[in-house]
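I opened this model to look up its packing, its contacts and a few single residues. My entries follow in the order in which I made them.

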Amino acid sequence: MKTAHIISDSCNPETDQLTKYLAFWTLGWVVSMAIASFGPTYLWESATWINLTAIVVNFALGVGMIMSNIRLFKAQDELMQQIQLKAMGIALGLGVVGGLSYSLLDITNVIEQDAEIAFLVMGVSITYLVSLVTDNIRYR
Amino acid sequence: MKNRLKVLRAERDWTQADLAKALKVSRQTVNAIETGKYDPSLPLAFKISDLFGKQIEEIFENEQNGS
């Protein structure tokens, strides 16, 4: 799988396979998130049991994605684990510090709009990706 | 830390990918060790020394004490 090689340049078929599993779980989680978010408006008319089912399915797929990520992490070699840990550490740190600053901007009314969690998720994701790609290029 | 990994690999006419496969690591890891950007863990250093049939000190050299 080409995409696996962009990130890990793996010589280990096991990690390539686990990367595919992670991609499938992630895709499932994203699709179920979209269904749980937009379903009440476009697919069903806010029936509580359907909303709850969609949320439970989304949560279950999210847990599967996390487990799949842990399996991939454990299968990676020591340098790849170090790169991943650094990226996660930076993303977590920036998420906490940046997220709280963003919240303060909202609480103190420095910004007009409400603080949205989506921006925090985007910030964490972009930080993680940039750190991951930067270190992969450095060691390439 | 300096090392002779590139020389030892070249003596056996192995590519970085060949060595990576033998050590069960990524090619990036082999490259990073060869270029001195990354120092391997002790288990990986032992694996390398076993593979080349040499003592760890014959492959890796601590630049601080020059031994």
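**Entry 1: a covered helix in chain B**

I started with helix α3 (residues 27–34) of chain B, which is mostly covered, with 7 of its 8 residues buried. Buried here means 20 or more other C-beta atoms within 10 Å of the residue's own; exposed means 12 or fewer, partly exposed is in between, and C-beta atoms are placed from the backbone. Helices (H or I, at least four residues) and strands (E, at least two) are DSSP runs, numbered from the N terminus.

I noted the basis of the work. This is a predicted model: local features need pLDDT of at least 70, side-chain atom pairs count only at pLDDT 80 or more, and totals for chains, interfaces and linings use all residues. Residues are numbered from 1 along each chain as its sequence is written, while chains are lettered from A and ligands numbered from 1 in the order in which they are written.

Which residues of α3(B) are buried? I listed Arg27(B), Gln28(B), Thr29(B), Val30(B), Asn31(B), Ala32(B) and Ile33(B). They pack against α4 of chain A, and also against β1 (2–3), α1 and α2 of chain B. Just after α3(B), I found Gly36(B) with a positive phi of about 75°.

**Entry 2: the chain A–chain B contact**

I turned to the interface. 11 residues of chain A are in contact with 15 residues of chain B; contact means that the C-beta atoms, placed from the backbone, lie within 7 Å. On the chain A side, α4(A) gives the largest share, 3 residues. That side divides into 4 nonpolar, 3 polar and 4 charged residues. In this scheme Ala, Val, Leu, Ile, Met, Phe, Trp, Tyr, Cys and Pro count as nonpolar, Asp, Glu, Lys and Arg as charged, and the others, Gly among them, as polar.

I then checked Tyr139(A), in the segment after α5 (117–138) of chain A. Is Tyr139(A) buried or exposed? Tyr139(A) is buried, because 20 other C-beta atoms lie within 10 Å. Not counting residues up to four places away in sequence, Tyr139(A) touches Leu79(A), Gln28(B), Asn31(B), Ala32(B), Lys37(B) and Tyr38(B). Gln28(B), Asn31(B) and Ala32(B) are among the buried residues of α3(B). Leu79(A) is 60 residues from Tyr139(A) along the chain, with 9.2 Å between their C-alpha atoms.

**Entry 3: two domains in chain A**

I looked up the domain assignment, which gives domain 1 (1–76) and domain 2 (77–140) in chain A. Such bounds come from an automatic or database assignment. The C-alpha centres of the two domains lie 20 Å apart. I found 4 residues of domain 1 in contact with 6 residues of domain 2. The domain 1 side has 2 nonpolar, 2 polar and no charged residues.

**Entry 4: helix pairs in chain A**

Helix α2 (residues 13–42) and helix α3 (residues 48–75) of chain A come within 8 Å, axis to axis, and cross at roughly 160°. Axes are lines fitted to C-alpha atoms, for helices over the stretch in contact, and angles run from 0 to 180 degrees between N-to-C directions. I therefore put α2(A) and α3(A) down as roughly antiparallel; the cut-off for that is over 145 degrees. Their contact holds 16 nonpolar, 12 polar and 2 charged residues.

Helix α4 (residues 78–107) and α5(A) pack at about 150°, with axes 8 Å apart. They are therefore roughly antiparallel too. I counted 12 nonpolar, 7 polar and 2 charged residues in their contact. From α4(A) the residues include Ile83(A), Leu94(A) and Tyr102(A), and from α5(A) they include Phe119(A), Val124(A) and Leu132(A).

**Entry 5: loops and one leucine**

Asn109(A) sits in the loop between α4 and α5 of chain A. Its phi is near 60°, positive in a residue other than glycine. Asn109(A) is exposed, because 7 other C-beta atoms lie within 10 Å.

Asp13(B) is in the loop between α1 (5–11) and α2 (16–23) of chain B. Asp13(B) also has a positive phi of about 60° without being a glycine. With 7 C-beta neighbours inside 10 Å, Asp13(B) counts as exposed.

Last, I checked Leu23(B), in helix α2 of chain B. Leu23(B) is partly exposed, with 19 other C-beta atoms within 10 Å. Beyond its neighbours within four places in sequence, Leu23(B) is in contact with Leu44(B), Lys47(B), Ile48(B) and Leu51(B).

Note on methods. Two residues are in contact if their C-beta atoms, placed from the backbone, lie within 7 Å. Angles under 35 degrees count as roughly parallel, over 145 as roughly antiparallel, 65 to 115 as roughly perpendicular and the rest as oblique.
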